[in-house]
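User: I have a model open and want to go through it with you. Can we start with how the elements are named?

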Amino acid sequence: MGKDVSLYEIFQRLFERFGPQHWWPGETPFEVLVGAVLVQNTAWSNVEKAIERLREAGLTNPKALYSVPETELEELIRPAGYYRIKARRLRNLLRFCIERYGGSLERMFRTPLKELREELLSINGIGPETADSILLYAGNLPTFVVDAYTHRIFARHGWVDFDIDYHTLKDYFESQLEPDTALYNEFHALLVKLGKDYCHKKQPRCEECPLREYLPEGGPYEPV
DNA sequence: CTCCGGCGAG
DNA sequence: CTCGCTGGAG
């Protein structure tokens with residue numbers, strides 16, 4: 001797996017083309033945490049509307065947001081889609097923050113990475129990608145976030161198999177990269193940028209892609 | 001495997 | 001109008 005590719009080289013190619021993506025820099029850790037749940041299979045532009053509504057309502061911390069009745073929360077986050085299930089998932093996460101850490105995200109993120117990751121994964125509605133997004137982008141902890149774009153980009157280039165699972169792909173990145181929060185942050189953001197603008201699900205723009213020099217002969221690999 | 005769902009791009 | 005979206009649960 002991975003062939004002879006250097007992940008640092010891939011990162012460099014993407015960074016040279018796209019520059020810094022400054023993901024989740026100005027927002028509070030709380031907004032990042034909320035956004036990580038709301039963004040599940042959803043365009044970020046829709047999540048921003050929901051976050052903006054919560055901000056306008058002054059719901060800027062776990063206890064405040066958890067005090068909102070579930071049906072009201074559903075209406076607040078409605079623009080993000082999946083609003084019923086996301087309201088429930090969000091409340092599951094908030095309840096955890098409150099009961100386990102007194103509603104203090106600062107306290108929560110002082111927990112050892114591996115330990116906190118397991119705790120987050122035990123919450124109904126928090127899967128591997130959401131957990132890692134919270135840990136990396138809200139907690140600044142060095143865990144690599146894998147997503148559908150990462151999978152698509154690396155499988156199409158033949159660097160990993162199409163049937164690779166989340167943890168194996170995550171371990172692949174973390175085994176070849178230093179545990180650097182800033183690097184993980186920027187790398188994932190750049191892969192999302194590439195996935196959105198070039199490595200489309202249908203009709204990828206390989207000719208103009210920053211990674212075109214790594215394209216296999218005869219075009220990108222496809223799932224069997 | 002299906003469902004959850006509003007929303008914007010094309 | 002259709003498609004896909006910084007997934008996860010049942």
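Analyst: Helices here are DSSP runs of H or I with at least four residues, and they are numbered from the N terminus. Keep in mind that this is a predicted model.

User: OK. How many helices and strands does chain A have?

Analyst: Chain A has 12 helices and 0 strands. Along the sequence the pattern is α-α-α-α-α-α-α-α-α-α-α-α.

User: Which residues have a positive phi although they are not glycine?

Analyst: His 22 is one of them, with a phi of about 35°. Tyr 82 is another, with a phi of about 45°.

User: Where is His 22?

Analyst: His 22 sits in the loop between α1 (7-18) and α2 (29-38).

User: Is that side of things buried or exposed, for His 22?

Analyst: His 22 counts as exposed, because its relative accessibility is 60% and the cut-off for exposed is over 50%.

User: And where is Tyr 82?

Analyst: Tyr 82 is also in a loop, the one between α5 (70-76) and α6 (83-101). Its relative accessible area is 48%, so Tyr 82 is classed as partly exposed.

User: Switching to the whole chain. What radius of gyration does chain A have, and what would a compact globule have?

Analyst: Chain A has 18 Å. A compact globule of 224 residues would be near 17 Å, so the value for chain A agrees with that.

User: What box do the C-alpha atoms fill?

Analyst: Taken along the principal axes, the C-alpha atoms of chain A fill roughly 55 × 35 × 35 Å.

User: How much of chain A is buried?

Analyst: Buried residues account for 50% of the 224 residues. The accessible surface of chain A is about 11500 Å², and carbon and sulfur atoms contribute 48% of that surface.

User: What about contacts between residues at least 6 apart in sequence?

Analyst: In chain A, 65% of those contacts join residues at least 24 apart.

User: Charges next. How many positive and negative side chains are there in chain A?

Analyst: There are 28 positive and 34 negative side chains in chain A. The centres of the two sets lie 6 Å apart.

User: Last topic: which residues does UniProt list for a domain?

Analyst: An unreviewed UniProt entry lists residues 38-197 as "domain: HhH-GPD". In the model, that span is 66% helix and 0% strand.

User: How far apart are the end C-alpha atoms of residues 38-197?

Analyst: The end C-alpha atoms of residues 38-197 lie 22 Å apart.

Note on methods. Residues are numbered from 1 along each chain as its sequence is written. Chains are lettered from A and ligands numbered from 1 in the order in which they are written. This is a predicted model: local features need pLDDT of at least 70, side-chain atom pairs count only at pLDDT 80 or more; totals for chains, interfaces and linings use all residues. Side-chain values use heavy atoms; hydrogens and water are left out. Helices (H or I, at least four residues) and strands (E, at least two) are DSSP runs, numbered from the N terminus. The radius of gyration is taken over C-alpha atoms; the globule rule is 2.2 Å times the number of residues to the power 0.38. Buried means under 20% relative accessible area, exposed over 50%, partly exposed in between (1.4 Å probe, protein chains only). Contact means heavy atoms within 4.5 Å. Accessible areas come from the Shrake-Rupley method with a 1.4 Å probe; for residues, only the protein chains shown count as cover. Lys and Arg count as positive and Asp and Glu as negative; His and the chain ends are not counted. The place of a charge is taken as NZ of Lys, CZ of Arg, CG of Asp or CD of Glu. UniProt positions are given in the numbering used here, feature names are shortened, and annotations may be inferred rather than shown by experiment.
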